[in-house]
2 protein chains.
Amino acid sequence: MRDIDDDIPGSKENLKKLYPHTGKAYLLGVTGLPGAGKSTLVDQLVMVYRARGLSVGLVLIDPTSPFSGGAILGDRVRMQRHFTDPGVFIRSLATRGHLGGLSTSTNDIINVMDAMGKDIIIIETVGVGQDETEIVSTAHTTIVVLAPGMGDEIQAIKAGVFEVGDIFVINKANREGADRTVQDIETMLNMKRYADNEFHPQVIKTEAIYGNGVEELFSAIDEHRLFLEESNTLLNKYRERARYEFLELLKESLISSVVAAKGGEETWENLFDDIAKRRRDPYTEVELIIDEFLKNSLARPPKN
Amino acid sequence: MRDIDDDIPGSKENLKKLYPHTGKAYLLGVTGLPGAGKSTLVDQLVMVYRARGLSVGLVLIDPTSPFSGGAILGDRVRMQRHFTDPGVFIRSLATRGHLGGLSTSTNDIINVMDAMGKDIIIIETVGVGQDETEIVSTAHTTIVVLAPGMGDEIQAIKAGVFEVGDIFVINKANREGADRTVQDIETMLNMKRYADNEFHPQVIKTEAIYGNGVEELFSAIDEHRLFLEESNTLLNKYRERARYEFLELLKESLISSVVAAKGGEETWENLFDDIAKRRRDPYTEVELIIDEFLKNSLARPPKN
């Protein structure tokens, strides 16, 4: 088990060298409502893959709290049986800074694990928001974990995770209302018309804490993978990820470069003060910066 | 009730003109776990403010699903008693595009409502992720809504919402375990040392569906506002918001301008294909673009 929490100096250069060796791992995204038992399920999935001799990379997107003094240890404690297994590489990612970076750091660590030769990379999110949903939805197979009695089905949809699922897991299936939840999800899924090259998501019941249903989940993942390969849509997934990875990196690099070129955020304190006091407005100020930085380049015809 | 779902042409020019008239509204952020009853609570808060003759703007950050055919109507249905009230302006914001925009559109609509003269602007998020947490945390008072039996307290912390709360509401307080949840939250809050100019968050029990505890919540909000005014920290809040608003807008404008200057995303299809096939790597490609766009500007000394 290795767990690096700081950036490696020169890591961008390393990432460039690694990149040609990536693209072999299968990416599994796991999301769902807090309390549905995602971590326990992921823990069980890791065991199923390990039992088949496959190596696993695990990326936990895990916001931290100043109250808890940094990292949340919950997942790590739960995952500790894998800590001494050299076939499992675990990396927790904390909250991004306000200049962005959560998705870029996730992509970076996925690339490192991929180049290391991990067969399966599981990306588990703790939050259920825009960023997190986007990150897991660029995996090859995305699993949405729900539990019975977590509020009516509209809550799941509202959390924005419904449309990204290839497989829906109703965990804690021994609880009252499990069959009802399965039915609700299936009804929603059946409302959509599926094209021939579109996968009809599966709904699976599990009791991750006892390991029940985990083999079925493993088979469903394999089935989805097979579908992607046979329908020739796996390449589309790679292309979508390429687009996402590139644009996220471009966004982050642009803002960091412009902020750095202007002498860092500190040099803007007067501007922030003026905006706060309504002496200047952010719309005009941003326009001025865009003009300053892009005017030379904008004059040129686009090339590619 | 007006509800505009499309961008107004030339809105950036309008926003520039509006900006000097903003900064008067009090901003209330409401977040919390799905199923905690946020919408019902917000509905009750609107009534309390309206009963005091205050006008209210309501921004619902509400991811949409292709399965439900666009907007989720749940909140709107629940809010319908306010639809005919000219003192309440409701605006739902859907999912951002992949070039960003959720926080920028939220900021834009806050500015419009503020300039319109709304006394209170409530920003309610449905998701609990990075973006959503960031958006509500730039409000003047941030309310985190939880309910008993929603999973152990670590879940709330893990959702990344714990550190942003000025007021914690335990809604559905008639449910078993409410006092336990209150205690847990208070224990967590007491673990932190508070400086003199720092607010010790309050914990309040409500049963929003019956209107119980909503007056207490109203008072707690007022108390926090008074604290911000008396401790001279309200200006800090304005400055934080100015910084956030400016940097989010800059991020979005930079990526849009660069993408447009290069002829749009379509011109990059070959690049995405090459990255997908590992013929090129995103790190080098982004560096090339940054160099192209910023080299002229980077040579100049920073000015401000």
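The model is a predicted one, and in it Gly149(A) sits in the loop that runs between β5 (141-146) and α6 (153-158) of chain A. Although Gly149(A) and Arg175(A) are 26 residues apart along the chain, their C-alpha atoms are separated by 8.1 Å. Is Gly149(A) buried or partly exposed? Gly149(A) counts as partly exposed because it has 14 C-beta neighbours inside 10 Å, whereas a buried residue would need 20 or more.

Helix α5 (residues 130-137) of chain A is mostly covered, since seven of its eight residues are buried. These buried residues of α5(A) are Gln130(A), Asp131(A), Glu132(A), Thr133(A), Glu134(A), Ile135(A) and Val136(A).

The last site involves both chains. Two packed helices are described by the angle between their axes and the distance between the axes. Helix α9 (residues 234-261) of chain A and helix α9 (residues 234-261) of chain B have axes that come within 9 Å and cross at roughly 115°; α9(A) and α9(B) are therefore roughly perpendicular to each other. The crossing of these two helices, α9(A) and α9(B), is right-handed. The residues that make the contact are listed below for each helix.

| Helix | Residues in the contact |
|---|---|
| α9(A) | Leu250(A), Lys251(A), Leu254(A), Ile255(A), Val258(A) |
| α9(B) | Leu250(B), Lys251(B), Leu254(B), Ile255(B), Val258(B) |

Sorted by type, the residues of the contact of α9(A) with α9(B) comprise eight nonpolar, no polar and two charged.

Conventions:
Residues numbered from 1 in each chain as written. Chains lettered and ligands numbered in written order. Predicted model: local features only at pLDDT ≥ 70, side-chain atom pairs only at ≥ 80, totals over all residues. Buried ≥ 20, exposed ≤ 12 C-beta atoms within 10 Å, placed from the backbone. Helix = DSSP H or I, 4+ residues; strand = E, 2+ residues; numbered from the N terminus. Axes fitted to C-alpha atoms, helices over the stretch in contact; angles between N-to-C directions. Parallel < 35°, antiparallel > 145°, perpendicular 65-115°, else oblique. Left-handed = near helix turned anticlockwise from the far one by under 90°. Contact = placed C-beta atoms within 7 Å. Nonpolar A, V, L, I, M, F, W, Y, C, P; charged D, E, K, R; others polar.
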